[in-house]
Amino acid sequence: SHVANPDDNIVRQQIATGIPIVHGLDGWVKFYHPHNQRVVIKEDGSADFRNLEKFISIKKDDKIATLFAGVPGKPGKDVYGMTLNPPAIKRPKITIGANIITTSNTSPEEPEKVYVEYTSACNGVLFSTDESVTVSPELRIEQSVGISTGNVKYDGTVNVVGSIEDGSKVECEGSLNVAENLESSDITVG
């Protein structure tokens, strides 16, 4: 006796089809230098609040950041032919200040992926946040140099709007301009 296979009588025919959504790639920004003050930890493990490394010196042509704008997704269709939109991607925004060179790069294999490189146009001090970058050829300190600013070490010219308080250390390779009083004797210029 032969048992019939139930699949022998089944006819398969596509009655509806859709097109899946292609999800996009979120954008991002990678910074190559920190943007906030860093407390220096001494060999004995204590924190040195005078040498904060608050001001980031940068050389001409140093890479500052890379931005990937992201790639938007592609819409799909449901079984009724209605368009299905992909979710929005995150698009980072960055404000470019003075002395920044911007270069866009793509690869031949993936031309939809655009990478924007930001480099320094001069030697200077880098000021950056999550939303902006700028390079200044001179370091301008809008207050007195003291415990709040930490010690200052900079490769170029330093302009201090206030005083240099007792116990503070300032080293610069360019000029030093102090608008008020010079109370510290630990100054190196040139």
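Predicted model: local features only at pLDDT ≥ 70, side-chain atom pairs only at ≥ 80, totals over all residues.
View 1. Met82 is placed in the loop between β6 (76-77) and β7 (83-84). Together with Val79 and Tyr80, Met82 forms a nonpolar patch on the surface, and the accessible area of these residues together is about 400 Å².

**View 2. An open sheet of three strands.** The strands of this sheet follow the order β13-β15-β17, and their pairing is parallel. Because β13 (138-141) and β17 (176-178) each have a single partner strand, they stand at the edges, and one side of each is left without a neighbour in the sheet. On average, and with direction ignored, neighbouring strands of this sheet are turned by 10 degrees against each other. Strand β15 (residues 157-160) runs parallel to β17 and is joined to it by three bridges. Asn159 has Asn177, in β17, as its bridge partner.

**View 3. The salt bridge between Lys63 and Glu117.** The side chains of Lys63 and Glu117 meet in a salt bridge, with 3.5 Å from N to O. Lys63 belongs to strand β5 (residues 63-68) and Glu117 to strand β10 (residues 114-120), so this pair ties together parts that are 54 residues apart in sequence. Lys63 is partly exposed, with a relative accessible area of 39%, whereas Glu117 counts as buried at 16% relative accessibility, because the limit for buried residues is under 20%.

**View 4. The salt bridge between Lys113 and Glu110.** Here the side chains of Lys113 and Glu110 meet in a salt bridge, with 3.0 Å from N to O. In this pair Lys113 counts as buried, at 17% relative accessibility, while Glu110 is partly exposed, with a relative accessible area of 32%.

**View 5. The salt bridge between Arg140 and Glu142.** The side chains of Arg140 and Glu142 meet in a salt bridge, with 2.7 Å from N to O. Arg140 is partly exposed, with a relative accessible area of 46%, and Glu142 is exposed, with a relative accessible area of 56%.

**View 6. The protein chain as a whole, for orientation.** The protein chain has 18 strands and zero helices, and buried residues make up 28% of its 190 residues. Its accessible surface comes to about 12300 Å², of which carbon and sulfur atoms account for 51%. A search of the whole structure finds six salt bridges, among them the pair of Lys63 and Glu117.

Technical notes:
Residues numbered from 1 in each chain as written. Heavy atoms only, no water. Patch = residues over 30% accessible without salt bridge, like charges linked within 9 Å, V, L, I, M, F, W, Y side chains within 5 Å. Areas by Shrake-Rupley, 256 points an atom, 1.4 Å probe, with all protein chains shown as cover. Salt bridge = Lys/Arg side-chain N within 4 Å of Asp/Glu carboxyl O. Helix = DSSP H or I, 4+ residues; strand = E, 2+ residues; numbered from the N terminus. Pairing = 2+ DSSP bridges. Axes fitted to C-alpha atoms, helices over the stretch in contact; angles between N-to-C directions. Buried < 20%, exposed > 50% of the residue type's maximum accessible area, 1.4 Å probe, protein only.
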